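The sequence and structure come first.

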Amino acid sequence: MTHTVDNQIVTANHLLSGEVVYLRADNSWSNAHSEAEVLTDKEAADARLRDAKKQGDVVISPYLAGTAMNEIGKPVPNVLRERLRTRGPTNRFHGKQVG
Amino acid sequence: MYAYTKFDTDFNSDRVAQFRDQVARRIDGSLSEEEFRPLRLMNGLYLMLHAYMLRVAIPYGTLNSVQMHALADIADRFDKGYGHFTTRQNIQFNWPKLQEVPDILAALAKVDMHAVQTSGACVRNVSADHFAGAAADEIDDPRPTAEFIRQWSTDHPEFAFLPRKFKFAVTGSPHDRAVTKMHDVGLRLLQDGDGQPGYEVSVGGGLGRTPMIGRTVRKFLPRIDLLPYLEAILQVYNELGRRDNKYKARIKITVHETGLEEITRMIEARFLQQRTRFDGSDQFLFDRIRGDFSAPDYRHGTCEDFQSARRLNPAFRSFTDTNLNAHKNPDYTSITVSLKTHGQTPGDATSSQMRALADIAARWSHNELRVSHEQNIILPHVHKNHVPAVFDALKKIGLATANIGLISDIIACPGMDYCDLATARSINVAQGIATRFDELKLEHDIGPIKLKISGCINACGHHHVGHIGILGLQKAGVESYQITLGGDGTENTAIGKVMGPGFAAEEIIPAIERLIYAYLDLRDNAQETFLQAYRRLGAQPFKAAVYQTQDKANAA
C-alpha cells in the first residue's frame, strides 16, 4: 500500500564544486530544480534517495525536499530554504542566480 | 604575537599533506563520505546551503599584516573576493571547492595559519579579549594562556573525539569582553595575595538551544596547575558526557545533570591524579610562549595632532568618541574598525579592504590586528597622533563608520542565506535595523546597546546575550522573529528573556522601532542606557509598547 505524500525531489550538493544539484529520472544530476524527477509516493521517494546515496563519488549529503508544481507541470520550490538553494544568498549576487 | 617554531611549521605542512591525501582518496572513492566527514570537519571544512564553507582559525583573534594579506589573496584566488569574520574570532570563506581546499591550506601554512579543529567534536579556537595586551583595565595578557591551550589541545589524542565541540575563552581583564561565562570553560586571569598568577575557572556555560551560565568550579587555580586541571575537566566530560543525544552532549548539560558539587568533586579528584603526571616542564613552554607576547616597541611623541583633529573635525571627533578603547599606554589607543557599515553584511570584508587594513596595521598598529567576537577588526596599538591618518585611510576603504557599541553594531550570524542549519535569514534583518536607525539619525541618542541576531536556535549570533536579541525561527514555512530582552555577555552575565510572540519578516523592524522609542520615552535621563532602563523597569513597559497593548505601564 503506497502512502501519498506531498511531491518530493532529491537534492544534494556536488562533491567537488559544492553546488546544489537535483536528481533526474535517469540518475544524472541537474543544476536546475525544474529538471528534478518528481516523486509522488513515499516508497518511490525513499528508493530514489537510496539510489542517490549510492552516488557518493558525485554528490554529498542527498536528501528529500518537498516541492510544488507549476502550471506546466515542472517542480518549483515551495519553502524558503529550497528557494534559496535554487538561487543563492539574498545579500550578495552570488551563486546560481548569476546566469 | 606567537612566533612559530620549526615544530609548528612542520606540524602545519604535515597536516596539509595529510588532508591533501584524504581529499584525493575521497575523490577517487577509497574514502566514503562517512569516513571523510570527521576528517574534513577537523580541518574546518563544512557543507553549507549553497557550497562548502571553510573556517580558518585566527587563534584568539590575533593576526599580523602578512597573514591578513594572505587571507585577502585566498579570498581572490579561491573564493569570491571577500571573507566573513565570525563570532569566534575566525574567518569563513563561503565558496571553496573541495579539490582546492588543500591548496588553500597550503597557502595558509605559508603564513603560519591553519584551519585545524575549527569544527568537529574537539577543542575549538580558544577565544580571548580582543583588546588583549593593550587594554588599560587588563591584569595581564590572556593570549599566552590561549596559545598554551591551543598547543595542548591540538591533536591531543585523548580529546580528539569528545561527545561534542568544546570551547574555551580567556579574559585578562575583570571587564569580561570574552564572554567567558558562556563558554564550556571560561578562564579569568587573577593574581593571588602574593601576586602569583592564576585563574578563576568556570565550566558549563553555553548558548545554543539551552543557554546556561558557566558555574565556577575553582575560585583560584594557580597557573602552574592549568594543564592538569583542564585535562581533568575534559576527562570527566569524556566519561560523563552524553553521546546518545546530540542536543544533550555539551558539558553544560553534564554539569546540569551531575550537579555542581559532584562535578567539582570529580574534577578536583581527577586533577590530583593528573597533576602527578606533570613535572613542571610545561611551564618552560609557557614562559617561552609568554616571551613572544611582549609589549610593542612603543613610539614616543606628542598627541597634539589627535587633540587638534578632535577640535577641528566633527567627523573625527564622532569616530574617536565611539571607536576607541583606552590603552595601557596613555599615548596610545586601540581602534575598532567597524565591519558594520550601514546596509552591509555584518562581519564581511572584501579582499581590498583586508589588504588596506593589513597595510594600515603594518604602518600604524605595530603590524598587528585583532578580530573581535563582535565581528569587527581591531587595530590594537595605535599612537594617538596617528589616529587622524588611520581615520583617513579607513574612510578611503569605506570602513570608517562611527558606530561601535551602538545599535547598528549588530552581531548577526550568516543565517539562512548561507547556513545549512538556519531557520530564518538574519543578514537582511541586521541590514534593515542598521539602515532604519541611520535614517532616523537616532543612533548616538540611543547610546550604548548590544543587539544580536541569530538565524536559528543554535545561537551563533549570540542573541541570548544581546541587550536586545532576535531569534529567527520558522512558523508554517514562514520566517518568524522572536525578541529577547536583557541579555548581558559581560561579567554581569545574563540570558535574555523572550518578550512575546514572534514577528513576521516585514514586522520585525517596526517592532524594534517601537521598542527603541519606548526606551527613549521611559529612560530616566539621556545617560541611562537601554540595559539600565530595562533592569530598572522590567519587561512590562517595553512589552506593552511593542505589542501595543491597552495596559501601558506607568513609568515607575
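The buried residues of α4(B) pack against α1 (6–27), β1 (45–47), β2 (52–56) and α3 (65–78) of chain B. The model is predicted: local features need pLDDT of at least 70, side-chain atom pairs count only at pLDDT 80 or more, and totals for chains, interfaces and linings use all residues. Residues are numbered from 1 along each chain as its sequence is written, with chains lettered from A and ligands numbered from 1 in the order in which they are written.

In α4 (residues 101–110) of chain B, the buried residues are B:Val101, B:Ile104, B:Leu105, B:Leu108 and B:Ala109 (buried: 20 or more other C-beta atoms within 10 Å of a residue's own, C-beta atoms being placed from the backbone). They fall within an arc of 140° seen down the axis of α4(B), so they line one face of the helix (the arc is that of the directions from the helix axis to the C-beta atoms). B:Asp112, which follows α4(B), has a positive phi, near 60°.

## Contacts of Leu54

Beyond its neighbours within four places in sequence, B:Leu54 is in contact with residues including B:Val101 and B:Ile104 (contact: C-beta atoms, placed from the backbone, within 7 Å).

## Chain B overall

Chain B has 18 helices and 21 strands (DSSP runs, numbered from the N terminus: helices H or I, at least four residues; strands E, at least two). Buried residues make up 53% of its 556 residues. Its C-alpha trace spans about 65 × 60 × 55 Å along the principal axes.

Notes: Contact = placed C-beta atoms within 7 Å. Buried ≥ 20, exposed ≤ 12 C-beta atoms within 10 Å, placed from the backbone.
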